[in-house]
Structures are given as structure tokens and as C-alpha cells.
Amino acid sequence: MSNIHLYTAQTPNGIKISILLEELGLPYNVTDIEFSKNTQKEPWFLEINPNGRIPALTDTFTDGKPISLFESGSIMQYLTDRYDTEHKVSQLNHFNRYAPEKIEYGINRYRNEVRRLYRTMEIQLQSSTSGYLVGNRCTVADIACWGWLASARYSGVDMAEFPLLDEWVHRMLKRPGVEKGRHVPSKHAYEEIQVLTSKEMDKQAEKGKSWVQAGMKDDSK
């Protein structure tokens, strides 16, 4: 029996896990980690993840003992290895929105890197017969990537450059597990982002800039 508790926030990395849990049909509890309150650095959370990052997850292992997991990739590996018995699913934003000053080199460097990665996935979809990134169905590869692709516009990337990838984003949105999981622990803003102007997105980012900078300063100690 699972005893899963997810500690997360509304970020591309955070929703990877909630989407996977929904796709696998697993019951779980959720704690919203509030960055603005520096919850991820509180002693009780550091006992779960000494690195002070989300997502993190606790569960009861097969031997009956509690376990703690962190880093999205390792959590996804654990969940699929243990619970996917039917094989159902076998850094630009910082420079663009949260840096204290606009550094064109950083923005251009990472935006070009994002475009390169998007182009790689676009090419992969050209040869896909299923409409998904790997194999003949939705897998953890799709789930791991979706949150970042859904925030493309916020990163300043025009998805019109990648029509197959844009179709894939909307195809994933039609999956009940993705639709439910993306709103954990709070409402996902994909639709809202699509109609915001660049100035409106900058204004929205200002709300989070202070705790992003404070967190970086705290990490450097």
C-alpha cells in the first residue's frame, strides 16, 4: 500500500510529479511549499530534503519503513519502478524574468539553448506515429517535459516556430491525468500566460523576484 505525501509548488518541476501520480492513478496527500515564506528552508522540510528544494516525496517502503525522496528525476524513477506495474508510462526563466538586471548575453544564450532543445523534440515528433515523444504512448518522457514546454511563452519563445510541439502540448492537456495534476498544489496558469503581454509577464515576475534573489543569497552562505 502506498502512503505518498508530495511536497511541491506550482513550478514545471513540481507538476511533473503530480501529473505522474494522476496518470498512475495513485492516491496522495499534498503540502504546498511556499517559496515566499521560505518554507523550503524550514528544519522540518530539510529533514525530508536536506537540499531545500521541491519537489520532495515521502512514502512507506515495502519493508514498512518511511522513505524520503527528492529531485524530480529520482522521484519519477521510484514511482514508475514501484507502482507502474502495467507500464502505463514506462534555466532560461531566471535570466528572462528574475535576474536583478537584464543581461542580454544570459537571456540570448539560454533562449537559443531552449530553441535548440525544442527543435530536437520537434524533429522527434516528425517521425512519431503516436504523437508522443517516445514509443507508441504517453510516457514519463512526455510528463517530464510538459511543464517546461507549457511555460514556453513565459520564457520568451514563440511556439509558432515549433507547430508539432505546440500540438503535442495541447494533446497532453487533453489527458485527464495532466489536466488534474497540473493544478497541484495550486492553479496552473497555462491559459492565462497565452494572453499576457511581455510587460504584464514582467510585472507578474516582479512579485517573485524578491524571494528568488533572497533564496540565491541564502544558498550562497
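1. Start with Gln 40. Leaving out residues up to four places away in sequence, Gln 40 touches Ile 33, Glu 34, Phe 35, Phe 45, Leu 46 and Gly 52; contact means heavy atoms within 4.5 Å. Gln 40 sits in the loop between β2 and α2 (43-46). Its relative accessibility is 9%, so Gln 40 counts as buried. The cut-offs are under 20% relative accessible area for buried, over 50% for exposed, and partly exposed in between (1.4 Å probe, protein chains only).

2. A word on the basis. This is a predicted model: local features need pLDDT of at least 70, side-chain atom pairs count only at pLDDT 80 or more, and totals for chains, interfaces and linings use all residues. Residues are numbered from 1 along each chain as its sequence is written, and side-chain values use heavy atoms, with hydrogens and water left out.

3. Overall make-up. The protein has 10 helices and 4 strands. Helices (H or I, at least four residues) and strands (E, at least two) are DSSP runs, numbered from the N terminus. Along the sequence the pattern reads β-α-β-α-β-β-α-α-α-α-α-α-α-α. Of the 221 residues, 43% count as buried.

4. The sheet. The 4 strands form an open sheet with mixed pairing, in the order β2-β1-β3-β4. Two strands pair if DSSP finds at least two bridges between them. β2 (29-32) and β4 are the edge strands, each pairing on one side only. Neighbouring strands are turned by 15° against each other on average, direction ignored.

5. Strand pairs. Strand β1 (residues 5-8) pairs with β2 in the parallel sense, over 4 bridges. Here Leu 6 stands opposite Val 30 in β2. β3 (residues 56-60) and β4 (residues 66-70) run antiparallel and are joined by 5 bridges. Asp 59 has Ile 67 in β4 as its bridge partner. β3 and β4 form a hairpin with 5 residues between them, and Gly 64 in the turn has a positive phi of about 85°.

6. Ser 68. This residue lies in strand β4. Ser 68 is partly exposed, with a relative accessible area of 40%. Not counting residues up to four places away in sequence, Ser 68 touches Ile 48, Leu 57 and Thr 58. Ser 68 and Ala 56 are 12 residues apart in sequence and 7.3 Å apart in space, C-alpha to C-alpha.

7. Helices α1 and α3. Two packed helices are described by the angle between their axes and the distance between the axes. For α1 (residues 12-24) and α3 (residues 72-83) the angle is about 10° and the axes are 10 Å apart. That makes α1 roughly parallel to α3. Axes are lines fitted to C-alpha atoms, for helices over the stretch in contact, and angles run from 0 to 180 degrees between N-to-C directions. Angles under 35 degrees count as roughly parallel, over 145 as roughly antiparallel, 65 to 115 as roughly perpendicular, and the rest as oblique. Asn 13, Lys 16, Ile 17, Leu 20, Leu 21 and Leu 24 in α1 meet Ser 72, Ile 75, Met 76, Leu 79 and Thr 80 in α3. By class, the residues of this contact are 7 nonpolar, 3 polar and 1 charged. Ala, Val, Leu, Ile, Met, Phe, Trp, Tyr, Cys and Pro count as nonpolar, Asp, Glu, Lys and Arg as charged, and the others, Gly among them, as polar. α3 also lies across β3 and β4, running at about 30° to β3.

8. Helices α6 and α7. Their axes come within 10 Å and cross at roughly 110°. That makes α6 roughly perpendicular to α7. Asp 142, Ile 143, Cys 145, Trp 146 and Leu 149 in α6 meet Leu 165, Trp 168, Val 169, Met 172 and Leu 173 in α7. The contact of α6 with α7 has 9 nonpolar, no polar and 1 charged residues.

9. The cores. A nonpolar core is a set of buried Ala, Val, Leu, Ile, Met, Phe, Trp, Tyr and Cys residues joined through side-chain atoms within 4.5 Å. The largest has 41 residues, and Leu 79, Tyr 118, Trp 146, Leu 165 and Trp 168 have the most contacts inside it. α1, α3, α5 (104-126), α6 (140-150) and α7 (163-173) each supply at least two residues of this core. The largest share, 6 residues, comes from α1. Apart from this core lies another, of 8 residues, among them Ile 33, Phe 35, Phe 45 and Ala 56.
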